[in-house]
Amino acid sequence: MGKEAEEASREMRKIVFGKYEMGRVLGKGTFAKVYYGRELGSGESVAIKVINKEQIRRESSMMEQIQREIAVMRLVRHPNVVQLREVMATKSRIFFVMEYVRGGELFARVVRGRLPENQARRYFHQLISAVDFCHSRGVSHRDLKPENLLLDEHGNLKVSDFGLSALPEQLRHDGLLHTQCGTPAYVAPEILRRRGYDGAKADLWSCGIILFVLLAGYLPFQDESLMQLYRKVFKADYQIPSWFSGEARRLVSRLLVVNPEKRISIPAIMQLPWFKKGSFRPLRIQIPPPLPQAEEEEAKPSTPRFYNAFELISSLSSGFDLSNLFESRRKSGTVFTSRSAAAAVVEQLERVGRSLGFGVARTKSYRVKMEGKKEGRKGRLAVEAEVFEAAEGMAVVEFSKFSGDTLEYTKFCEEDVRPGLKDIVWTWQGDDYEAISCSGGERCNSSPW
Ligand code: ATP
């Protein structure tokens with residue numbers, strides 16, 4: 001291939017963050033599209049969910065929902081849960097990079113017809129294992145259905161789409177959840193009743209519907225009218241087909257119990273002879289440690305630390321603060337983003353510090369300490385600036401006060417540092433979001449997503 005053709009071919013490939021090549025659309029949700037992707041370095045397949053920030057900003061509850069989805073997916077790392085690898089962002093989009101689950105939705109398998117009991121049991125084992133793990137971490141999924149259960153290349157089930165999931169923080173003073181959500185045919189009666197519900201028990205109702213669907217090939221509660229459908233759900237008015245074995249019949253009827261207090265629990269399910277058949281072994285899951293930011297820094301002292309997308313999104317818009325999702329919170333400070341390379345940013349910081357008459361020292365490769373020479377109200381003002389890499393060609397700089405008076409620090413940031421850095425600053429945190437221009441932003445403007 002000639003040089004021009006090679007360049008043209010590179011242009012045609014949609015590369016995001018210099019790290020992933022975007023491919024075909026795998027699926028579409030209400031607020032997002034999911035694409036096939038490939039990590040350039042490793043060649044590994046990934047699924048990339050792209051969420052349009054503009055759409056989210058129009059619906060305030062969506063912002064919370066996405067924050068929760070990120071928090072939950074980081075919390076529930078389990079072999080039967082789709083794994084979130086990283087979250088990244090541009091000015092206008094949020095990218096969830098997830099493990100790629102290539103076998104499609106369990107739904108597609110069921111529409112082809114009911115499953116033999118052994119196969120249904122295998123999926124049910126994996127579903128219960130994932131749901132049990134989520135519940136042990138305080139997470140209820142609230143939208144379990146075959147469309148949200150993906151299959152990998154070995155036929156293993158992976159729970160996906162935690163967009164409606166709930167965390168313990170959402171429990172009201174009565175210890176119950178109150179948000180109406182779910183999909184009508186799978187939703188538990190207590191959710192419809194609107195008097196508060198236990199998310200874990202409601203998930204088990206949905207597991208009952210899923211088991212029924214796997215074994216029957218159709219839904220237990222169906223009706224053209226939503227009201228009639230709900231009436232059937234309220235009364236658990238359904239018929240078990242004749243081909244269900246006695247044990248499967250008993251399990252379904254103990255799951256589809258209207259009173260959540262009387263519904264079978266996961267430990268009790270695990271004791272049932274039907275469940276014990278096959279090769280179910282409870283998994284020992286290692287709970288992963290928080291993202292190893294500090295270790296990463298020690299291991300690679302010559303490169304800037306990676307600035308996580310949650311913080312980047314926060315730094316681009318004061319109304320989109322995801323910083324509370326961090327396990328390791330940094331000292332509060334003043335933050336700006338720059339389109340210059342991290343090394344150039346560090347040099348500019350040093351120049352500005354010196355021009356202001358501060359003593360300047362590089363404490364680490366990408367950390368600059370500036371100390372005033374005059375005594376202030378509370379001793380000398382000392383400020384530290386750390387440069388992070390947010391994505392290729394994008395740095396985030398965070399200032400924090402080391403010592404001295406806070407008012408003097410604020411004045412230093414506002415009146416001294418800002419003007420000195422204007423050539424390299426793209427945007428300051430909290431400045432008007434709309435004012436951000438997408439300079440050199442081939443990824444922001446020309447991408448089709
Ligand atoms: P909804 O509006 O139903 O809540 P959503 O916007 O949250 O949807 P998802 O359900 O997460 O989007 O994804 C949409 C579709 O993309 C899925 O139904 C599935 O077909 C596909 N998909 C999602 N995640 C993956 C993945 N990790 N691997 C392969 N395909 C995936």
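Helices α5 (residues 117–136) and α7 (residues 199–216) cross at roughly 165°, their axes coming within 10 Å. Axes here are lines fitted to C-alpha atoms, for helices over the stretch in contact, and angles run from 0 to 180 degrees between N-to-C directions. The model is predicted: local features need pLDDT of at least 70, side-chain atom pairs count only at pLDDT 80 or more, and totals for chains, interfaces and linings use all residues. Residues are numbered from 1 along each chain as its sequence is written.

**α5 with α7**

- The two helices, α5 and α7, are therefore roughly antiparallel (angles under 35 degrees count as roughly parallel, over 145 as roughly antiparallel, 65 to 115 as roughly perpendicular and the rest as oblique).
- The crossing of α5 past α7 is right-handed (the near helix is turned clockwise from the far one by less than a right angle; anticlockwise is left-handed).
- From α5, the contact takes Glu 117, Ala 120, Tyr 123, Phe 124, Leu 127, Ile 128, Val 131 and His 135. From α7, it takes Ala 200, Asp 203, Cys 207, Ile 210, Leu 211, Leu 214 and Leu 215. Contact means C-beta atoms, placed from the backbone, within 7 Å.
- This contact of α5 with α7 has 12 nonpolar, one polar and two charged residues (Ala, Val, Leu, Ile, Met, Phe, Trp, Tyr, Cys and Pro are nonpolar; Asp, Glu, Lys and Arg are charged; the others, Gly among them, are polar).

**α7 with α9**

- Helix α9 (residues 246–255) packs on α7 at about 145°, with the axes 8 Å apart.
- The α7 and α9 crossing is left-handed.
- α7 contributes Leu 204, Trp 205, Cys 207, Gly 208, Leu 211, Phe 212 and Leu 215, and α9 contributes Ala 248, Leu 251, Val 252 and Leu 255.
- By class, that contact of α7 with α9 has 10 nonpolar, one polar and no charged residues.

**α14 with α15**

- Helices α14 (residues 342–355) and α15 (residues 406–421) pack at about 135°, axes 10 Å apart.
- α14 and α15 are therefore oblique to each other.
- Gln 348, Val 352 and Ser 355 of α14 meet Val 417, Gly 420 and Leu 421 of α15.
- Their classes are three nonpolar, three polar and no charged.

**Ligand shell**

- Gly 27, Gly 29, Thr 30, Val 34 and Ala 47 come nearest among the 20 residues around the ligand (C-beta atom, placed from the backbone, within 6 Å).
- Strands β2 (20–28), β3 (32–39), β4 (45–52) and β6 (93–99) each supply at least two shell residues. Helices (H or I, at least four residues) and strands (E, at least two) are DSSP runs, numbered from the N terminus.
- Domain 1 (9–99) and domain 2 (106–276) each give the shell at least three residues; the bounds come from an automatic or database domain assignment.
- The shell has 10 nonpolar, five polar and five charged residues.

Notes
Contact = placed C-beta atoms within 7 Å.
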